[in-house]
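Subject: Structure handover

Hello,

Here is the structure I promised to send. Please open it next to this email, as my notes follow below.

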Amino acid sequence: MNQNIESIVSKLCLQLPVGRYTHSLSVAETARDLAIRFSCDSKKAYLAGLLHDCATGLSYDRILELALETGLKSKDDISINPLADYHAGLGAVIAGREYGINDDEILNAIAAHQEGSVPLKKLDMIIGLADAIEPSRSGEEIEKIRLTAQTDLLKAYLQKHVYYMTNILKNVRPLSRRRVDVYNYLIQLSSI
């Protein structure tokens, strides 16, 4: 697997802008640490974290083309920001097609890292959380989420989800049905 990771890192370095590449390395390391902390497969977490944004190097036109081709977008969908709206799902597609990843758990975690999914698996939460709290992310709310992530994965993930939903609402953007469904799912899980 190390040789595979080395070749993925080399290819990713060429495919992504420098800042996004650095972010991806940081998410991979954060995901590995969270996986160890919460008894999840750390190799899968590292790989999913590494590839979570692998679609962000695509051109605007290629993102729209692939989103239509894969069914992530219908012809009637209107997207203000296709990269933001489709990069997670397309990341799973690219990870499979171009990086040879065939592990469904890894692909699902990549696809779910932005909005989540129902049901949420532990690896899904780890990748979404690692993306939010990797060391270059800052702010009072991020620090609170980091602190919670020291001991409680579900609670930290819920905090992260609420934080992102709040930012969407503050910017007067629509909440996706998926994001709302994940929120309701998390509330049910946290009350059990």
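Start with the loop between α6 (104–112) and α7 (122–133), where proline 119 lies. Helices here (H or I, at least four residues) and strands (E, at least two) are DSSP runs, numbered from the N terminus. The peptide bond from valine 118 to proline 119 is cis. Its omega is near -5 degrees. As background, most peptide bonds are trans, and most residues other than glycine have a negative phi.

A word on the source. This is a predicted model, in which local features need pLDDT of at least 70 and side-chain atom pairs count only at pLDDT 80 or more, while totals for chains, interfaces and linings use all residues. Residues are numbered from 1 along each chain as its sequence is written, and side-chain values use heavy atoms, with hydrogens and water left out.

Overall fold

The protein chain has ten helices and zero strands. Its radius of gyration is 16 Å, close to the 16 Å that the globule rule gives for 192 residues, so the chain is as compact as a globular protein of that length. That radius is taken over C-alpha atoms, and the rule is 2.2 Å times the number of residues to the power 0.38. Along the principal axes, the C-alpha atoms fill a box of roughly 45 × 40 × 30 Å.

Of the 192 residues, 46% are buried. Buried means under 20% relative accessible area, exposed over 50%, and partly exposed in between (1.4 Å probe, protein chains only). Contact means heavy atoms within 4.5 Å. Among contacts with a separation of 6 or more, 63% join residues 24 or more positions apart.

Helix α2 covers residues 18–37. At 1.5 Å a residue, its 20 residues should span 28 Å, and the end C-alpha atoms are 29 Å apart, which agrees. The expected span is 1.5 Å times one less than the number of residues. Buried residues in α2 include Tyr21, His23, Val27 and Leu34.

Serine 24 also lies in α2. Is it buried or exposed? Serine 24 is buried, with a relative accessible area of 0%. Leaving aside neighbours within four places in sequence, serine 24 contacts Leu12, Leu16, Gly49, Leu50, His52 and Asp53. Serine 24 and leucine 47 are 23 residues apart in sequence, yet 9.9 Å apart in space, C-alpha to C-alpha.

Cysteine 54

Cysteine 54 sits in the loop between α3 and α4 (60–70). This cysteine is buried, at 4% relative accessible area. Not counting residues up to four places away in sequence, cysteine 54 touches Leu12, Leu16, Gly91, Ile94, Ala95 and Tyr99. From cysteine 54 to valine 9 is 45 residues in sequence and 11 Å in space, C-alpha to C-alpha.

Serine 39 is exposed, with a relative accessible area of 65%.

Valine 172 is in the loop between α9 (153–170) and α10 (177–190). Valine 172 is not a glycine, but has a positive phi of about 50 degrees. At 72% relative accessibility, valine 172 is exposed.

Best wishes
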